[in-house]
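Subject: Handing over the structure, with notes

Dear colleague,

I am passing this structure on to you, and below it I have set out what was found in it. Please keep the structure open beside the text as you read.

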Amino acid sequence: MARSCGIRIGPRRFELVVLDGSPKRHRITAFHTGEFPRGGDDPLAEAAAVLKAAAKQCNVPTDNVAIAVDTGLAAFRTLKMPDLDESKIEAVLKFEVESELPQWNIDDVVIDFQKIASGSGETSLLVSAVPKTDIAREIEVATRAGVEPLEAELEATAMINAALAAEICHMDDAQVLVHVGEVSTAVVVMDGARVRSMRAVHIGALSREPAQAAPEEEVEGAPPVDGELVEREAAEERERRLEQVSSRIRREILRTLSGARTANAFEAVHVCGWPLPGLVGATIEGVPVVELDVFEEDVSDAGKPVEGAGPLVVAYGVALGLLGGGSVLGRLRREELRYTGTFERVELPVAIGALLLVTLLAVFNIFELRQVRTYDENVNLWRLSTNNFMLGDMRAKPPAPGNLSPVPDEIEKYIDRIRAENEVDEGGQNPEVDEIRSRLEQMQFVRNQLRNQVLLLDRELGNTGEITQPQSALEASTLVLAVLTELDPADGRPALRRIDSQYQFARTGGTDSVQVTLDLTFYADDSVTATRNSERFTQLLRDKPWVVRVESRGSKEFAEGELTGITLDGFTVVCDLSKLPRNAGGGA
Amino acid sequence: MKAFFRNLNLARGIVLGSLVLSLVLAVTGFRLHRERVALEVALAQEVPDLARETQVLSRRYSMLYKQAELEGLKGQSDPESYLRGLASDPQVRLGGVEITKPQAQRPSKGVIDIKYRIVPQTRDRGANRKNLANYLWLIEEKSRRVRVTQFSMTREGNLKPWEYGNDLWKWDVEVTSRQKESEAP
């Protein structure tokens, strides 16, 4: 069951009520009224000490305390605003009400508001403003007493909550709620169970109390003062002053009743707080004045405060508000306690959320770790497979020789080292774990070593491609002579008398080439056939993609006995072997 | 914060402890997650490629190693011996050859061509065409670092153009080894 404590801290007195239960069903487990000491050096500390003692006596739940402060500290204004939600009202309220409070700097006051009516796109707000310094003083007293309040509100709002919880205010009537404090009186008009207006009358039960006289020193020779007589005179004086206050408050109530514009007729004036003579039981403007009795009839363990219950109404209303009861929220610590107060209320859900977060993260870690291990094992399978391919698997049946022959020293040393660093497991397998490399890095290391070795061999063998070897004069001349075999033997036969093949480095903008110069003899039945054969040879050469040009200086006929034909001297073929189509094996 | 520690209770202790633990777990989880994603991505592409590349490289290494073992001209250490040795190959039998002092040319920046001219010791005697062809072929076959860049063959004897010869040829050859200038001896 939730416990809460409401404390009314007035200028001279305080009351506290401890509730246990829910907003609907609760009981008063403790209550206390007390008076703050006067005239000390440090009134704040002395007040805190008194309050601390009371809190200890009542076993106050220190984590769920709220206070009510004197309504006389506040100024009330009615303000009309467009129909906005609360967060937007909060954002603009200070600016809207600033011009209504010329007596204070707007930054020095706490602004609270209650919606009193809304409709036609407008909202009427009852705005209360309390200087921060005044609230801070009351909070300081409570804090020093070890009962730091989660919230602070005005006596008036606490009284309204108490009255609403006790179902004193109904939908079909109106009431005036009055709380008589030490130096001010809160007057609230309720209409149809809703707040219509609220104001503070700056006169209270002790407003007209005579100042405390300093104890007079006994004057030698003076006649002794009769103590009983003095006390009786003082009591009469207090009674007379209380009657004056009562009379003044009755007039204020009369003014309130006369000026109020309520939809429903006034049912009664309910009074709580300091008891004033002649107030309860009177009738003002035909409206009876009754005591505001918010406590249930059935007496709980601690018991309803049968006598003097009026002063406890406000503290009760505050405690009830903490339990979630009442519909009027007083939020005077809204600016300084918005976050700390909120955290205290939500720390348990936050703790549960934090535990859930830890659990979630732990589960996430476990899953990720398992996945990492699985993937790492898969990488290791690739590594083993690659190693078996390279080095062979002597345990296989039949043993599989490796494809890396011979194994380069760097790789052999590395594999020997990691095998030596690990022990063979039960399955006869060496895990080959490298302390400084992951499985993937092991594969990359071996690959890089192999790359280096291949590069070294490529360099040694001139395969790097950085330098292109010159075109081969042998290859070019072989290609040219091979064209001779494509000629038709029926047209005669060619004979080679001289061949000169010369590689030519590319000139600017050109490409490398090989110039092949031939001295040829074409034998045939007659010179015409031989010429045709040579032309055919020239044409076949020109059709080759690797032939750049063919130059012939002309031919000479010859007829020596049975031999006829033509001779070609200085027959030149320029070849570019880069245009020679080559197959994968590199041959023509 | 001060008030938080002053009013420390079980709930706040749990919140505090959980936050610290969460931070540690979040960092660990993030690292594990990153590692897992990296492995997942690597397994999809990098690891199979790596294995394939390693296998190709190991085969290539073995092949190159064999080639290097058979390479006749290693590092241009003694090209004259290489060329003379080939001239006395059983398939060549050209007899003694003269190899002129290597000449260096710079066809382009950073590249140097070292040229060797080979001529028979007895220039008036021709060589068999088949043997000569074998010699030229072996020069290029036995080493990837040299090319025959010039050769000429002329029939032996003073023959008329229509006369048949005896298939003996006077010859001379130029062999070039192209290198980076920094590697040149």
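Which residues of α2(A) are buried? They are Ile89(A), Leu93(A) and Val97(A), where buried means under 20% relative accessible area, exposed means over 50%, and partly exposed lies in between (1.4 Å probe, protein chains only). Seen down the axis of α2(A), these buried residues fall within an arc of 45°, so they line one face of the helix; the arc is that of the directions from the helix axis to the C-beta atoms.

Before going further, a word on the basis of these notes: this is a predicted model, in which local features need pLDDT of at least 70 and side-chain atom pairs count only at pLDDT 80 or more, while totals for chains, interfaces and linings use all residues. Residues are numbered from 1 along each chain as its sequence is written, chains are lettered from A and ligands numbered from 1 in the order in which they are written, and side-chain values use heavy atoms, with hydrogens and water left out.

**Helix α2 of chain A**

Helices (H or I, at least four residues) and strands (E, at least two) are DSSP runs, numbered from the N terminus. Helix α2 of chain A covers residues 86-97, which makes 12 residues, and it reaches 15 Å from its first C-alpha to its last, close to the 16 Å expected at 1.5 Å a residue; the expected span is 1.5 Å times one less than the number of residues. The buried residues of α2(A) pack against β5 (75-82), β6 (109-119) and β7 (122-131) of chain A, with contact meaning heavy atoms within 4.5 Å. On the face turned away from the buried side, α2(A) carries the exposed residues Ser87(A) and Phe95(A).

**Salt bridges**

Over all chains the structure holds 38 salt bridges, a salt bridge being a side-chain nitrogen of Lys or Arg within 4 Å of a carboxyl oxygen of Asp or Glu. One of them joins Arg13(A) to Glu35(A), with the closest N and O atoms 3.5 Å apart. Because Arg13(A) lies in strand β2 (residues 13-21) and Glu35(A) in strand β3 (residues 26-35) of chain A, this pair ties together parts that are 22 residues apart in sequence. Arg13(A) is buried, at a relative accessible area of 18%, whereas Glu35(A) counts as partly exposed at 42%.

Glu140(A) is partly exposed at 32% relative accessibility, and Arg144(A) is partly exposed at 41%.

A further pair is Asp569(A) and Arg497(A), whose closest N and O atoms are 2.6 Å apart in a salt bridge. Asp569(A) belongs to strand β21 (residues 563-575) and Arg497(A) to strand β17 (residues 493-504) of chain A, so the pair ties together parts that are 72 residues apart in sequence. Asp569(A) is partly exposed, with 34% relative accessibility, while Arg497(A) is buried, with 10%.

**The interface of chain A and chain B**

How many residues does each chain bring to the contact? Chain A brings 74 residues and chain B brings 69 residues. The area buried between the two chains is about 6,600 Å², of which carbon and sulfur atoms give 67%; buried area is the accessible area (1.4 Å probe) that two parts lose on being put together, summed over both. Leu461(A), Gln469(A) and Leu474(A) supply 10% of the area that chain A buries against chain B, more than any other three residues.

Across this interface the rule finds 5 salt bridges. Arg447(A) forms a salt bridge with Glu53(B), the closest N and O atoms being 2.9 Å apart. On the side of chain A that touches chain B, α7(A) gives the most, with 26 residues.

**A buried residue in a loop**

Asn430(A) is found in the loop between α8 (409-421) and α9 of chain A, and at 13% relative accessibility Asn430(A) counts as buried. Not counting residues up to four places away in sequence, Asn430(A) touches Ile418(A), Arg419(A), Asn422(A) and Val424(A).

With best wishes
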